[in-house]
Amino acid sequence: MSHPSPSSHGRTRAASRALIIHDGRLLVEINDDGDLVWWSLPGGGQEFGETKEQGLVRECREEIGCEVVVGDLALALDYIGAHHFRHEDLFSQTEVYFWCTLAEGSEPHMSYHPDDFQTGLRWVPLDQLPGSPLFPTAISQWLGDDPATRPCWLGDAD
């Protein structure tokens with residue numbers, strides 16, 4: 001989970017994230033803050049004047065070092081820091097997840113502008129996601145559910 005800037009405290013931030021699946025594997029970012037290691041999905045905060053798709057393309061360029069093609073909306077959720085992580089009682093974010101593919105010829109790699117705690121990237125087989133440190137954990141369950149019946153809105157998810 002990338003940590004918010006001080007200016008984002010006390011308000012809800014809008015963010016977009018990429019679900020990039022290739023050969024039955026999900027691309028995740030590895031994060032380590034010295035106390036906790038977790039995986040997250042590429043993406044982040046939407047800047048003023050950007051669409052969610054434009055922000056996601058920019059964030060992926062910064063975090064995974066390559067271009068993505070943004071596809072359909074997959075799901076959305078609220079992350080309310082006080083409910084899930086210690087010391088984040090002033091942080092709230094609505095996250096929108098899109099199905100994405102890598103642009104032709106693109107290969108993910110650590111980039112010039114990773115998130116503060118980002119230490120690497122990994123392709124994780126989908127069947128290894130349950131019980132993994134993927135955050136939010138609801139994504140692992142959601143990806144394993146029947147696509148015909150899984151919800152688009154996950155609410156306040158961890």
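Visitor: Is Phe135 buried or exposed?
Guide: Phe135 is buried, with a relative accessible area of 9%. Keep in mind that this is a predicted model.

Visitor: What kind of peptide bond joins Phe135 and Pro136?
Guide: The bond between Phe135 and Pro136 is cis, with omega at about -5°. Pro136 belongs to the loop between strand 7 (118-125) and helix 3 (138-144).

Visitor: How many aromatic pairs does a search of the whole structure find?
Guide: The search finds three. One of them is formed by Tyr79 and Phe135. Their ring centres are 5.4 Å apart and the planes stand at 85°, so this pair counts as edge-to-face.

Visitor: Which parts does that pair tie together?
Guide: Tyr79 comes from strand 5, while Phe135 comes from the loop between strand 7 and helix 3, so the pair links parts 56 residues apart in sequence.

Visitor: And Tyr79, buried or exposed?
Guide: Tyr79 is buried, at 1% relative accessible area.

Visitor: Which way do strand 5 and strand 6 run?
Guide: Strand 5 (residues 68-80) and strand 6 (residues 92-102) run antiparallel and are joined by ten bridges. As an example, Ala76 has Val96 in strand 6 as its bridge partner.

Visitor: In what sense does strand 5 pair with strand 8?
Guide: That pairing is parallel, with two bridges between strand 5 and strand 8 (residues 153-156). Asp78 is opposite Asp156 of strand 8.

Visitor: Changing topic. What sits over the ring of Trp142?
Guide: The charged end of Arg150 does, 4.0 Å from the ring centre.

Visitor: Where is Asp23, and what is its phi?
Guide: Asp23 is in the loop between strand 1 (12-22) and strand 2 (25-32). Its phi is near 50°, a positive value in a residue that is not glycine. Asp23 is also exposed, with a relative accessible area of 64%.

Visitor: Now the whole chain. How many helices and strands?
Guide: There are three helices and eight strands. In sequence order the pattern reads β-β-β-β-α-β-α-β-β-α-β.

Visitor: What percentage of the residues count as buried?
Guide: Of the 158 residues, 46% count as buried. The accessible surface of the chain is about 8000 Å², and carbon and sulfur atoms hold 52% of that surface.

Visitor: What about contacts between residues 24 or more positions apart?
Guide: Among contacts in the chain with a separation of 6 or more, they account for 70%.

Definitions and conventions: Residues are numbered from 1 along each chain as its sequence is written. This is a predicted model: local features need pLDDT of at least 70, side-chain atom pairs count only at pLDDT 80 or more; totals for chains, interfaces and linings use all residues. Side-chain values use heavy atoms; hydrogens and water are left out. Two strands pair if DSSP finds at least two bridges between them. Helices (H or I, at least four residues) and strands (E, at least two) are DSSP runs, numbered from the N terminus. Buried means under 20% relative accessible area, exposed over 50%, partly exposed in between (1.4 Å probe, protein chains only). Rings of Phe, Tyr and Trp (its six-membered ring) pair if their centres lie within 6.5 Å; planes under 30 degrees apart count as stacked, over 60 as edge-to-face and the rest as tilted. A charge sits over a ring if NZ of Lys or CZ of Arg is within 6 Å of the ring centre and within 35 degrees of the ring normal. Contact means heavy atoms within 4.5 Å. Accessible areas come from the Shrake-Rupley method with a 1.4 Å probe; for residues, only the protein chains shown count as cover.
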